[in-house]
Amino acid sequence: MKKIFGPIGIIVIILVVLALLFIPKYNSLVTAEESVDSKWAQVENQLQRRYDLIPNLVESVKGYANHEKEVIASITEARAQMGSAHSPKEQAVANDALTGALSRLLVVVENYPNLKADANFRQLMDELAGTENRLAVAREDYNNEVQAFNKTVKRFPGNLIAGMFGFEQKEYFKAAAGAEKAPSIDFGSSGKQ
């Protein structure tokens with residue numbers, strides 16, 4: 001009887017030790033993944049806020065700048081692209097397109113002093129600026145959580161547990177290629193906008 005319980009006892013002890021090592025690591029991966037998802041939800045929340053503000057801003061500009069249809073169309077197109085983006089990479093690309101379109105809109109605004117003085121327009125611009133700040137913070141928080149999660153997934157023994165249970169590295173919210181260059185702004189000196 002002692003001969004049977006000896007090997008079985010050792011196997012049970014090994015299994016208990018392994019369970020005590022694996023369970024906390026698995027739970028930390030689940031917690032980290034939920035943190036990443038939560039931070040991503042905050043990024044999406046700010047992107048949605050920005051997405052919702054833009055039609056009001058465009059309508060304010062339309063009243064003053066009817067002949068600036070190309071700029072307004074580019075904002076509408078970029079906003080639609082943002083609405084159909086789903087992954088962090090797609091949303092980063094759409095975000096960059098929308099940022100570029102908004103910068104062209106600001107050039108148009110410079111040509112309409114009455115628009116800049118309009119209280120509704122100023123309020124919308126203030127809200128948009130606040131949203132841009134919140135979005136920057138949300139993106140940074142998300143990327144920090146992704147970094148922490150990816151470290152856990154890559155490091156031993158997390159990489160073994162992550163592989164066994166299907167945890168994969170998360171995608172960073174990155175700017176599109178060329179985003180490091182400031183957009184060129186022409187205040188009408190060349191005759192084009």
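Mentor: Let's start at Gly-166, which comes just after helix H6 and takes a positive phi of about 80°. Keep in mind as we go that this is a predicted model.

Now step back into the helix itself. H6 spans residues 158–165, and within this helix Gly-158, Ile-161 and Ala-162 are buried. These three cover an arc of only 100° around the axis, which puts them on the same side of H6.

Asn-150 belongs to helix H5, residues 119–154. Its relative accessibility is 5%, so Asn-150 counts as buried, the cut-off being under 20%. Which residues does Asn-150 contact, leaving aside its neighbours within four places in sequence? They are Gln-169, Lys-170 and Tyr-172.

For a contrast, go to helix H1, residues 2–64, where Leu-21 lies. Leu-21 has a relative accessible area of 56%, so this residue is exposed, the cut-off being over 50%. Leu-21 is also one of the residues that form a nonpolar patch on the surface, together with Ile-10, Ile-11, Ile-13, Ile-14, Leu-15, Val-17 and Leu-18. Taken together, the patch has about 770 Å² of accessible area.

Definitions and conventions. Residues numbered from 1 in each chain as written. Predicted model: local features only at pLDDT ≥ 70, side-chain atom pairs only at ≥ 80, totals over all residues. Heavy atoms only, no water. Buried < 20%, exposed > 50% of the residue type's maximum accessible area, 1.4 Å probe, protein only. Helix = DSSP H or I, 4+ residues; strand = E, 2+ residues; numbered from the N terminus. Arc of directions from axis to C-beta. Patch = residues over 30% accessible without salt bridge, like charges linked within 9 Å, V, L, I, M, F, W, Y side chains within 5 Å. Areas by Shrake-Rupley, 256 points an atom, 1.4 Å probe, with all protein chains shown as cover. Salt bridge = Lys/Arg side-chain N within 4 Å of Asp/Glu carboxyl O. Contact = heavy atoms within 4.5 Å.
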